[in-house]
Amino acid sequence: MEYDVVIVGGGPAGLSAAIRLSQLAAQHQHPIRICLVEKGSEIGAHILSGAVLEPRALNELIPNWQEKNAPLNTPVTESVFQILTQNYAITLPTPPSLRDKGNYIISLGNLCRWLAKEAEQLGVDIFPGFAAGEILYDNAGRVVGVATNEAGISKTGERKANYEPAMEIRARYTLFAEGCRGSLTKQLLERFELRKHSDPQTYAIGVKELWEIEPNQHVAGRVLHTAGWPLDARTYGGSSVYHMRPNLLAISFIVGLDYENSYLDPFEELQRFKHHSAIRPLLEGGRRIEYGARALNEGGLQSIPKLVFPGGMLVGCAAGFLNVAKLKGNHTAMKSGMLAAESVFEELQQSQSQPQSRATLIKYEESLKNSWIWQELFKARNVRPVFRYGLWIGLLHAAIDLFLLRGRAPWTFHNTKPDYAQLKKAKDCSVIRYPKPDGKISFDKLTSVQYSNTNHAEDQLCHLILKNPELAISVNLKEFDSPEQRYCPAKVYEIIQGPNTTPYLQISAQNCVHCKTCDIKDPMQNIIWVPPQGGGGPNYSNM
Ligand SMILES: Cc1cc2nc3c(=O)[nH]c(=O)nc-3n(C[C@H](O)[C@H](O)[C@H](O)COP(=O)(O)OP(=O)(O)OC[C@H]3O[C@@H](n4cnc5c(N)ncnc54)[C@H](O)[C@@H]3O)c2cc1C
Ligand code: SF4
């Protein structure tokens with residue numbers, strides 16, 4: 001299939017790029033063929049976010065979103081910041097970056113569904129259920145599109161009755177909007193050495209539950225962020241608890257993936273957190289209705305790679321525009337998609353027939369550097385790296401940096417080590433004993449995965465590839481006590497051992513919720529996450 005532009009990923013970045021391009025095409029009466037592929041079974045199925053939306057980019061993209069009934073139904077009324085100890089919740093002044101007046105509590109999945117309708121009305125071809133599995137290059141090494149995955153291949157590699165061949169989608173430009181730790185983006189970063197002049201990217205995992213709660217516990221528009229317990233002071237993380245209309249509570253617990261203790265389990269941290277005396281009453285009498293998890297970028301400005309390469313560019317969290325001080329990446333993802341679209345449009349207009357020069361692609365980087373994205377990431381750049389010295393130093397520095405210096409400190413801290421290299425060997429870690437779930441407030445992983453509506457065809461090639469299967473035992477088990485059993489929030493990895501069997505790693509890939517944590521945190525970088533066959537994965541409805 002031939003298009004002018006193909007966009008990989010139907011999140012806020014990809015959809016905003018598609019909409020902006022179509023708007024420009026209509027405005028200038030310059031038709032453009034645009035296609036967007038999404039690995040989820042529908043737009044929104046793989047989308048998980050907190051989410052408080054800062055509507056700045058949406059205001060620029062679709063100024064009349066209110067008339068058009070965009071699903072922004074819960075304006076923020078109150079922002080609270082607390083430090084938790086095991087028994088107490090201490091309210092502190094809310095940091096400027098977490099004051100959410102003017103923002104909205106939303107389901108990002110629903111916003112994406114709405115954006116997709118807008119894009120389709122403008123003529124974009126959207127193909128959900130199609131994962132881009134391969135990047136296409138021409139003889140000169142320029143990106144010329146993507147190929148979708150083949151479907152209907154059995155576990156053993158044979159074609160089944162429902163076999164569908166891969167589809168090549170060729171385009172003059174390819175925009176990679178795969179979100180945090182995109183599988184094709186990872187290949188591009190290596191091939192074009194896009195990270196040569198930037199720090200390593202650093203990440204967190206966010207584990208989220210959506211609850212229906214008793215009306216007398218619900219304060220529509222209330223936003224609570226916490227730091228501290230149950231994490232120790234050396235581990236970065238905290239919670240977000242958002243009261244969304246009608247009577248929903250979105251609880252996310254985020255753990256920086258630079259954690260050191262191999263025995264830490266982010267899912268279990270969320271389960272303990274919910275039992276805190278400041279949180280538990282909110283949930284009592286309520287009902288959990290959804291569960292999921294997703295990695296997010298935390299590296300900020302220092303970790304943004306080169307964004308352009310021959311034939312394409314990176315947008316949104318594929319590049320890493322999340323503002324960690326605000327815990328927000330949706331508005332920056334949208335804006336980067338819009339800026340990418342503007343530079344692509346200019347190029348398409350100028351060179352109707354011949355392949356584009358690289359100059360205009362570089363213009364995308366220039367326009368980003370002149371945009372509000374860069375200004376806010378610059379201000380926030382020192383907040384996260386300092387937390388590596390512990391919670392208290394991190395908080396003190398953030399107070400000086402954000403309250404007093406307003407992000408204009410004359411220094412810049414760097415992200416020096418990738419997250420996987422921070423993990424300590426089991427012998428140097430203390431075992432964490434998590435309480436048993438009570439089945440009312442806290443749950444086990446397998447029950448939880450059912451609430452993500454995850455579905456993968458069982459008889460397919462495993463989409464979690466071990467580069468060297470032997471390392472799972474010789475290094476991961478022997479030296480780290482198999483941390484993948486704990487950091488995976490979907491119980492995909494399990495060491496099976498009995499009195500008469502040698503231990504082996506069992507991979508239940510059908511449970512995978514596509515959070516990408518194993519691809520990031522495996523200490524040997526031995527696990528490669530690739531998209532499964534068509535449409536597999538979670539089916540989130542309101543995340
Ligand atoms: C727990 C948590 C809480 C957060 N809270 C907030 C918040 O309150 N406010 C806020 O602004 N931000 C928040 N964020 C960050 C925000 O969600 C991200 O910044 C935002 O989703 C990035 O948008 P994106 O379009 O770049 O990527 P994504 O939203 O990740 O979308 C990428 C899309 O691409 C698809 N895709 C990926 N690879 C392929 C492929 N190869 N082929 C086809 N499709 C593919 C995916 O299925 C997905 O639909 C939070 C994130 C998490 C995890
Ligand atoms: S297998 Fe990997 S990507 Fe899938 S849920 Fe587990 S950690 Fe996340």
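A word on residue classes before the first selection: Ala, Val, Leu, Ile, Met, Phe, Trp, Tyr, Cys and Pro count as nonpolar, Asp, Glu, Lys and Arg as charged, and the others, Gly among them, as polar. This is a predicted model, in which local features need pLDDT of at least 70 and side-chain atom pairs count only at pLDDT 80 or more, while totals for chains, interfaces and linings use all residues. Residues are numbered from 1 along each chain as its sequence is written, chains are lettered from A and ligands numbered from 1 in the order in which they are written, and side-chain values use heavy atoms, with hydrogens and water left out.

**Stop 1: the second largest pocket**

Select Arg181, Lys186, Arg195, Tyr203 and Gln525, which are the closest to the centre of the second largest pocket among the 23 residues that line it. A pocket here is an open set of points on a 1 Å grid over the protein atoms alone, with protein on both sides within 12 Å along at least five of seven lines; lining residues have an atom within 4 Å of a point. The volume is about 500 Å³, where a volume is the space filled by probe spheres set on the points, and grid points are joined across faces, edges and corners. Its lining has eleven nonpolar, five polar and seven charged residues.

Which elements each supply at least two residues of this lining? They are H4, helix H15 (517–521) and E24, and the largest share, four residues, comes from H4. Helices (H or I, at least four residues) and strands (E, at least two) are DSSP runs, numbered from the N terminus.

**Stop 2**

Buried means under 20% relative accessible area, exposed over 50%, and partly exposed in between, with a 1.4 Å probe and protein chains only. An α-helix has 3.6 residues a turn, so residues three or four places apart point the same way.

Move on to glutamate 193, in the loop between H4 and strand E14 (203–212). Its phi is near 45°, a positive value in a residue other than glycine, and glutamate 193 is partly exposed, with a relative accessible area of 49%. Most residues other than glycine have a negative phi, and most peptide bonds are trans. Glutamine 29 also has a positive phi, of about 45°, and lies in the loop between helix H1 (12–27) and E2. At 70% relative accessibility, glutamine 29 is exposed.

**Stop 2: two cis peptide bonds**

Select glycine 50 and alanine 51, joined by a cis peptide bond with omega about -5°. Then try arginine 245 and proline 246, where the bond is cis with omega about 0°. Proline 246 sits in the loop between E16 and strand E17 (248–256).

**Stop 3: the largest pocket**

H11 gives the most to the lining, with eight residues. By class, that lining has 25 nonpolar, ten polar and three charged residues.

While you are in H11, click histidine 397. Buried or exposed? Histidine 397 is buried, with a relative accessible area of 10%. Leaving aside residues up to four places away in sequence, histidine 397 touches Asn382, Val386, Trp411 and Phe413, contact meaning heavy atoms within 4.5 Å.

**Stop 4: ligand 2 and its cavity**

Finally, select ligand 2, whose space is the second largest cavity. A cavity is a set of grid points where a 1.4 Å probe fits but cannot get out, and a molecule sits in one if more than half of its atoms lie within 2 Å of its grid points. The cavity has a volume of about 90 Å³.

Show the 13 residues around ligand 2: Cys488, Cys512, Cys515, Lys516 and Cys518 come nearest, where near means that a heavy atom lies within 4 Å. This shell divides into eleven nonpolar, one polar and one charged residues.
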